[in-house]
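Biologist: I would like to learn how to read a few features of a protein model. Please take them one at a time.

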Amino acid sequence: MPGGGVGDSPIRPEAESKVNGAFDYASDLAFEGMLWGHTLRSPHPRALIRSIDTAAALALPGVAAVLTAADVPGKLHYGLIEADQPVLAPGEVNYQGEPVAVVAAETLDLARRAAELVDVVYEVLEPRCDAGEAVAAGEYFRYQPVRLGEPVTAEAAVVIAREYEVGMQDQAPLGPESGVAVPTGDGGLVLHVATQWLHSDLEQIAPCLGLAPERIHLAMAGIGGAFGAREDLSVQVHMAMLALRTGRPVKMMYDRAESFLGHVHRHPARMRYEHGADEDGRLVYVKAHIVLDGGAYASTTEAVVGNAASLAVGPYKVGHVSVDAWGARTNNPPCGAMRGFGGVQTCFAYESQMDAIADALGLDPLEVRRRNALAQGDKLVNGQVVDAYDPTRAVDGQPFSPLRDLLDRFADIPVPPIPAGRDIVELPGGTGNTTHGEGVRRGVGYGVGLKNICYSEGFDDYSTARVRLELDGTTGEPVAFIHTAAAEVGQGHWNLQTQIARTELGVERVVLLPNDTKAGSAGSSSASRQSYMTGGAVKAACEAVRDLWQGRDLADGPIEATRVFRHRATKPMDPVTGQGDSHVQLALCVHRATVDVDVELGLVKVVDLTCVQDVGKALNPVALEGQIHGGSAQGLGLAVMEEIVTDEGRVRNASFTDYLIPTILDTPPMRLRIVENADPEAPYGLRGAGEPPTLSSTPAIVAAIRDATGLPLTRVPVRPEHLTVRRPS
């Protein structure tokens with residue numbers, strides 16, 4: 001493919017194969033002699049397992065193995081942070097869809113039929129599904145307060161107190177969970193799997209299989225989207241157990257309904273906020289009570305709670321703060337990582353509050369945000385100093401405020417005008433011909449998102465890269481080889497690695513070696529961290545190779561270097577005050593949404609999403625724009641359509657027929673302004689860019705709907721019935 005360095009937008013190395021269908025996703029894998037695996041899952045959110053009879057399933061011709069918790073060869077539990085999730089339920093199930101048994105058979109249909117013949121006797125128990133009640137009963141994974149000043153005694157000219165709710169959103173990757181486990185013949189395994197973090201998988205898998213980590217080789221299979229859904233284990237241990245038992249390769253692939261049950265989701269939230277402001281709209285105090293539903297098992301809930309608490313007020317100055325955040329343990333589906341990771345929920349609440357303050361005081365919503373914007377040298381509510389910008393930079397003699405900088409850029413981006421004689425396709429309801437403009441009102445709203453980048457609270461976050469430079473034996477030109485374990489989940493990281501090598505080494509030809517556990521850990525492709533972390537590792541390894549190359553002739557042999565890259569240290573939040581330098585880097589994004597609302601039918605059409613985002617440094621402008629488009633679209637989905645509906649712990653819409661995600665017809669034109677305020681601590685000055693637009697797009701769209709309807713709208717997604725309910729006169 002044509003080359004390019006940092007700042008260019010070369011064609012992705014996998015682009016052609018993905019377009020023409022030749023790219024091998026995990027679900028395309030096949031091996032000679034391969035069996036198919038399938039998981040039997042609990043139909044109940046909470047129950048005791050009184051007995052399991054596998055005899056009928058094993059008697060079915062073509063069934064090679066049926067395994068239960070008694071067959072787990074090593075430790076029974078695994079988990080990303082806390083090892084609390086059973087490989088297979090040992091005596092009780094705690095959510096609908098919890099794995100109870102796994103089957104291997106000659107075909108997938110046969111494996112599914114065999115699973116239906118496994119006779120499980122349950123004693124059904126009443127599930128705990130209310131997160132607030134769970135917290136009150138002491139059932140939670142983490143409680144994190146933040147305390148600053150004296151909010152109890154602080155006096156304000158205007159007080160806004162409201163409750164907000166965020167529904168359970170799914171990552172909705174188009175590629176289902178899939179992989180193949182291949183026995184090596186000596187008691188070891190090779191696992192080909194679509195995952196976001198190879199080495200974390202290995203750390204969890206090995207103890208459960210009773211194998212030393214060096215006996216297991218994980219190789220990255222093609223990934224069809226992730227967004228956090230592939231951080232937790234899914235098929236890995238199950239197919240590995242079946243492969244070890246049968247001595248044959250075993251493939252597992254979820255169908256769509258099973259995928260909805262088989263991975264974590266975004267934490268639904270209930271939040272009570274109280275903002276006090278002076279007569280000029282400047283914040284005096286903020287109180288927040290945040291309950292996130294973590295579901296049955298821990299996953300990443302502890303970290304999500306930390307993010308929600310530390311980002312609970314957003315990028316605004318306030319002297320008095322009282323925040324209480326919990327991650328509840330319930331019998332609802334487990335929740336964990338999803339794009340935005342704790343920041344999405346609180347952003348919807350605090351941005352709604354800022355709009356309410358502006359409305360109460362008759363002020364422009366952008367002006368209220370400008371007056372409260374953090375600047376260089378100010379502190380977040382957790383006490384962390386904003387220090388990621390040029391300390392000598394000032395505006396009108398005042399420290400530089402990145403937020404004011406972004407807000408001011410909307411001045412020369414006009415709101416789209418209402419065209420005369422619109423085609424019905426452009427109206428809410430579209431080709432349904434529901435309106436010709438009567439009852440349609442336009443609204444405009446803003447949203448600001450503040451997101452932490454990389455892992456926080458003292459986590460040893462690092463990435464490893466190995467770079468080798470050698471001469472091509474045929475052409476005599478230098479070729480760089482890069483080996484990392486970083487997952488390419490569609491964000492364009494493979495491309496970025498080649499761009500860095502071309503920039504640092506000055507060579508045109510760059511070869512990416514397969515991502516696997518033969519390389520050192522690259523950490524997870526999450527937290528908007530891979531460009532920062534693995535990009536930093538590749539840069540450091542290339543710099544080392546370049547130094548070794550000085551005065552040497554490649555004809556004398558290859559030059560190789562391995563480097564581990566770490567960011568600056570962070571600290572855990574204080575368990576009582578929430579204070580601490582808990583984050584590596586912060587990124588800002590501001591959205592302006594324009595919507596048309598049919599107030600008679602409750603239909604919404606997002607007409608325009610204008611986004612201004614500070615990316616530090618644009619390493620690949622086209623890929624960067626794609627990340628902002630994608631994050632904005634997921635925020636749109638949460639605003640007006642996406643929600644996993646549960647009833648007493650049972651998922652009611654586990655399909656793309658009933659769980660709706662935005663299509664190209666729902667996604668509006670997006671005007672982007674990319675701002676480059678370099679971070680002096682980061683490689684090339686970059687800022688993680690994939691998550692911030694997911695935060696700010698949701699409150700911007702809801703603010704625009706409020707502007708069109710005059711309704712308070714304190715819950716997302718906003719549904720038609722929320723817009724058509726008539727209040728008593």
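Biologist: Which residue lies over the face of phenylalanine 400?

Modeller: Arginine 393 does, at 3.8 Å from the ring centre. The rule for a charge over a ring is NZ of Lys or CZ of Arg within 6 Å of the ring centre and within 35 degrees of the ring normal. Lysine 539 also lies over a ring face, that of tyrosine 684, at 5.2 Å from the ring centre. This is a predicted model, where local features need pLDDT of at least 70, side-chain atom pairs count only at pLDDT 80 or more, and totals for chains, interfaces and linings use all residues. Residues are numbered from 1 along each chain as its sequence is written, and side-chain values use heavy atoms, with hydrogens and water left out.

Biologist: How many aromatic pairs are there?

Modeller: A pair of aromatic rings is described by the distance of the centres and the angle of the planes. Rings of Phe, Tyr and Trp (its six-membered ring) pair if their centres lie within 6.5 Å; planes under 30 degrees apart are stacked, over 60 edge-to-face, and the rest tilted. The count comes to 13 aromatic pairs. In one of them, tyrosine 316 and tyrosine 350 have ring centres 6.3 Å apart and planes at 85°, so the pair is edge-to-face. Tyrosine 316 is in the loop between α8 (301-310) and β17 (320-328), and tyrosine 350 is in helix α9 (residues 343-361), so the pair ties together parts that are 34 residues apart in sequence. Helices (H or I, at least four residues) and strands (E, at least two) are DSSP runs, numbered from the N terminus. Ring pairs also link Trp197, Tyr455 and Phe459 into a cluster.

Biologist: Is tyrosine 316 buried or exposed?

Modeller: Buried means under 20% relative accessible area, exposed over 50%, and partly exposed in between (1.4 Å probe, protein chains only). Tyrosine 316 has 1% relative accessibility and counts as buried. Tyrosine 350, at 1%, is buried as well.

Biologist: In which sense do β10 and β15 pair?

Modeller: Two strands pair if DSSP finds at least two bridges between them. Strand β10 (residues 158-166) and strand β15 (residues 269-277) pair in the antiparallel sense over 9 bridges, with isoleucine 160 opposite histidine 275. β15 also pairs with strand β16 (residues 283-293), in the antiparallel sense over 9 bridges. There, glycine 276 has tyrosine 285 as its bridge partner. The hairpin of β15 and β16 has 5 residues between the strands, and glycine 281 takes a positive phi near 90° in this hairpin.
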